[in-house]
Structures are given as structure tokens and as C-alpha cells.
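Look through the structure below before reading on.

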Amino acid sequence: MYHTSSNIVDQAQLLSIWRNYLVYEGIKEIIPLSYLRYNEPMKAHTTFQIGGPVDVMALPTDSEQVGRLVAWCRAQGIPYLIMGQGSNLLVRDKGIRGVVIKLEQNFAAVKVEGEVITAQAGVRLAELAEQAVGFRLSGLEFAQGIPGSLGGTIYMNAGAYGGEMKDVVDEVEAISEKGLLHTFSREELDFGYRQSVFHTNGHIVLVARIRLKRGEPGAIKARMEEFARRREEKQPLEYPSAGSVFRRPAGHYVGPMVEEMGLKGYRIGGAEVSRKHAGFIINTGGATAADVLALISLIQARAQERYGIVLQPEIRIVGEK
Ligand SMILES: Cc1cc2nc3c(=O)[nH]c(=O)nc-3n(C[C@H](O)[C@H](O)[C@H](O)COP(=O)(O)OP(=O)(O)OC[C@H]3O[C@@H](n4cnc5c(N)ncnc54)[C@H](O)[C@@H]3O)c2cc1C
């Protein structure tokens with residue numbers, strides 16, 4: 001044990017601090033210091049407002065930085081995780097070892113040419129939908145209210161109210177784990193239900209081309225307002241969450257299943273099955289990832305017992321166990 005003036009630090013902690021210091025030093029050559037966060041609490045970067053600290057968070061400003069960072073992580077044997085808005089992430093309480101590469105407003109350039117929008121992965125999808133109205137472009141109305149980044153929503157093939165990313169994405173520029181750039185055609189993207197080619201190939205989405213159609217701004221806006229109204233009516237937007245927790249099993253809806261199992265409003269610690277939409281788990285204040293995971297396990301066990309269905313999480317569960 002080493003005694004410092006204010007606290008007691010054990011040897012393992014000291015080693016970990018030293019290792020993190022070395023990581024931090026190397027990254028500075030690639031990402032300017034002002035775009036790095038050290039020991040950053042992930043709860044500040046997830047819509048669940050849950051998650052322990054990541055060793056280093058990097059906020060790249062261009063594709064070259066992303067490429068160099070990924071190559072550097074690989075060379076050093078340091079794990080990395082790519083994220084956008086953290087609206088589909090449950091980060092465990094011990095946090096994340098390694099580097100989180102967050103693509104957000106630094107990486108959010110948008111260009112509109114005719115009916116095609118070319119945008120960087122960090123732009124918020126809902127913001128893109130708002131911009132489309134201004135250009136009299138229709139097709140992204142469904143995206144109003146989906147709180148992810150363009151990259152994250154392509155990765156997940158996010159969708160709502162009869163629309164999904166698959167319907168509008170024309171082409172995606174992405175970088176492989178080995179740092180190779182590739183432009184994926186619509187066919188190569190292999191979109192399915194909350195699924196894309198990026199689930200298996202580990203590429204990072206950098207830029208996407210979205211093809212829309214000419215529309216009348218009043219009508220586009222009216223559709224978006226209607227979707228917003230429906231969302232507000234059905235979803236517990238007043239609480240932190242990560243949206244629907246489970247993938248929809250064939251022939252069933254998760255919300256009504258959970259309700260039938262008597263778990264609506266059920267609470268573990270600060271995590272609660274939403275009373276408004278039983279497919280959501282909400283953070284009522286101070287929930288830990290352990291609380292949410294315990295609730296997920298309970299729902300899964302009951303669903304298996306009652307329906308013989310294995311519910312699969314839609315949210316991505318990451319971080320140190
Ligand atoms: C209130 C609420 C409502 C929601 N409603 C919907 C809905 O209607 N429909 C729906 O489909 N989803 C919905 N979601 C879930 C969420 O918004 C989507 O899953 C969204 O696609 C996540 O995007 P993100 O940028 O937040 O990704 P993150 O949560 O940051 O990451 C999710 C996954 O995407 C990967 N990823 C992120 N960026 C990239 C990138 N650039 N390249 C490669 N991989 C990347 C990450 O590694 C991770 O595995 C909702 C969530 C909330 C909180």
C-alpha cells in the first residue's frame with residue numbers, strides 16, 4: 001500500500017494509472033489534447049446516464065485522425081470502441097478499458113446537392129431530418145425523435161413508423177480495423193432488422209450519402225409533428241433510457257409481453273420497467289448498470305418461462321465485467 005496525503009492507493013491502481021498515462025501520451029501525437037478526455041465518466045455520454053469511466057475518450061475531427069487512431073490502437077494492442085450519441089449503449093459500472101472514439105459534432109459536416117445529402121457520421125440523425133425539411137426533401141421524417149448519430153443509426157439500421165435507414169442510405173464510406181477505406185454500395189450494406197454489415201465486419205462509418213425525394217415542406221413538417229406526438233404519448237421521454245431494450249421476437253411485441261408477465265413498473269435499485277412503455281427500462285435516478293442488467297435478466301427468465309422465448313437485447317452492453 002502507498003499512502004498519499006489525501007488517500008490510500010494500492011499497487012494495482014498505481015500500475016493502472018501509469019498505464020493510462022502512457023496511453024494518453026501516445027494518443028496526443030494523433031488527437032490534439034483539447035479533443036481528448038482522460039478517465040471520462042461514460043454516464044455523461046449515454047442517454048441512460050449510466051456507465052463508469054473510460055480510460056481515454058477521443059473526439060476526432062476528421063477521417064484521417066480516425067484512421068491513424070485505429071491503427072495506433074491496433075499496434076499498441078489497446079481495445080477501442082466507436083460510439084455516436086450513446087443512445088443504444090449500456091456501459092457497465094466499472095467503465096471501459098482502452099479508448100472510446102466518439103464521433104459527434106466535431107465530425108458532423110453536411111452537404112446537400114439536389115436530392116442527395118452527404119454527411120459525416122457524427123451528425124445527429126434528428127438534426128439531419130430537420131435540415132432536410134429546409135431543403136424541401138422528404139424521406140427522413142421517420143428519423144424525427146431517434147436520438148442517435150448518423151453512424152450509429154446506420155450501424156443499427158434504426159427505424160420507426162414504417163421507415164428505416166435502409167430506405168434512404170445510398171452509399172457509406174467506412175474504414176476497416178486495418179485502416180483501409182471502402183465505399184459500401186446499398187447492396188453491400190446488407191441491412192436487416194436493426195442489423196447492418198458493420199455488425200460483422202468491424203468497419204467504422206465515416207461518411208454517408210442519403211437519397212431523398214422532393215416534397216412539400218408543410219406536409220413533411222406535419223408528418224414529423226405527428227410522429228413526435230405519437231412518441232411523446234407512448235414513450236417515457238422524461239426519463240433517461242436507451243430506448244427499446246430488447247429486439248422484437250417474431251410474432252410478438254415486447255411491451256405487452258412484459259406487461260402480461262406482471263413486470264410493468266417493476267424496479268431494481270434505480271432501474272424501472274417503464275409504466276408508460278414496458279419495452280423500455282428507465283433510470284429513475286442513480287441507477288447502476290448492475291440494476292439494469294438484473295432487470296434484463298429477470299425479464300429474460302420470465303419470458304423464457306412463460307413464452308419459451310429467449311429475448312435478445314437490442315441495446316449494446318459494453319465495458320469491463
Ligand atoms: C428515447 C429513445 C428512443 C429511441 N427510439 C428509437 C427508434 O424509434 N428506433 C430505433 O431504431 N432506435 C431507437 N432508439 C435507439 C437508438 O437511438 C438507435 O439504436 C441509434 O441507432 C443509436 O445511435 P447512436 O449514435 O446513439 O449509437 P451508440 O449508442 O453510440 O452506439 C450504438 C452501436 O453503434 C455503433 N456505432 C456508433 N457509431 C458508429 C460508427 N460511426 N460506425 C460504426 N459503428 C458505430 C457502436 O459501436 C455501438 O455498437 C431510441 C433510443 C432512445 C434513448
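What percentage of the 321 residues of the protein chain count as buried?

## The chain as a whole

The share that counts as buried is 40% of the 321 residues. The model is a predicted one. Its protein chain contains eight helices and 21 strands. The radius of gyration of the chain is 21 Å, close to the 20 Å that the globule rule gives for 321 residues, so the chain is as compact as a globular protein of that length.

Taken along the principal axes, the C-alpha atoms of the chain fill a box of roughly 65 × 50 × 30 Å. Contacts can also be sorted by their distance along the sequence. Among contacts between residues at least 6 apart in sequence, 63% join residues at least 24 apart.

## Around the ligand

There are 33 residues around the ligand, and the ones that come nearest are Gly84, Gly148, Gly151, Gly152 and Gly243. By class, this shell is made of 17 nonpolar, 15 polar and one charged residues.

Several elements each supply at least two residues of the shell: the strands β5 (80–83), β11 (159–160), β15 (204–211) and β17 (241–244), and the helix α4 (150–156). Which of the elements gives the most? It is α4, with five residues.

## Helix α2

Helix α2 covers residues 63–76, which makes 14 residues. From its first C-alpha to its last it reaches 20 Å, close to the 20 Å expected at 1.5 Å a residue. The buried residues in α2 are Val66, Gly67, Leu69, Val70 and Cys73. Why can they be said to line one face of the helix? Seen down the axis of α2, the buried residues fall within an arc of 165°, so they line one face.

That buried side has partners elsewhere in the chain: the buried residues of α2 pack against the strands β4 (53–58), β5, β7 (96–102), β13 (169–175) and β15. On the face of α2 turned away from its buried side are the exposed residues Glu64 and Ala75. After the helix comes Gly77, which has a positive phi, near 70°.

## Tyr38 in strand β3

Tyr38 is found in β3, a strand of residues 36–41. Is Tyr38 buried, exposed or partly exposed? Tyr38 counts as partly exposed, because it has 15 C-beta neighbours inside 10 Å, and a residue needs 20 or more to be buried and 12 or fewer to be exposed.

Leaving aside neighbours within four places in sequence, Tyr38 is in contact with Tyr24 and Val56. Tyr24 is 14 residues from Tyr38 in sequence, and the two are 7.5 Å apart in space, C-alpha to C-alpha.

## Two arginines with positive phi

Most residues other than glycine have a negative phi. Arg136 has a positive value, near 55°. Where does Arg136 lie? Its place is the loop between α3 (125–134) and β10 (137–138). Arg136 counts as partly exposed, with 14 C-beta neighbours inside 10 Å.

Arg194 also has a positive phi, near 50°. This residue lies in the loop between β14 (181–185) and α5 (198–201). With 18 other C-beta atoms within 10 Å, Arg194 is partly exposed.

Note on methods:
Residues are numbered from 1 along each chain as its sequence is written. This is a predicted model: local features need pLDDT of at least 70, side-chain atom pairs count only at pLDDT 80 or more; totals for chains, interfaces and linings use all residues. A residue is near a molecule or strand if its C-beta atom, placed from the backbone, lies within 6 Å of it. Helices (H or I, at least four residues) and strands (E, at least two) are DSSP runs, numbered from the N terminus. Ala, Val, Leu, Ile, Met, Phe, Trp, Tyr, Cys and Pro count as nonpolar, Asp, Glu, Lys and Arg as charged, and the others, Gly among them, as polar. The expected span of a helix is 1.5 Å times one less than its number of residues. The arc is that of the directions from the helix axis to the C-beta atoms. Two residues are in contact if their C-beta atoms, placed from the backbone, lie within 7 Å. The radius of gyration is taken over C-alpha atoms; the globule rule is 2.2 Å times the number of residues to the power 0.38.
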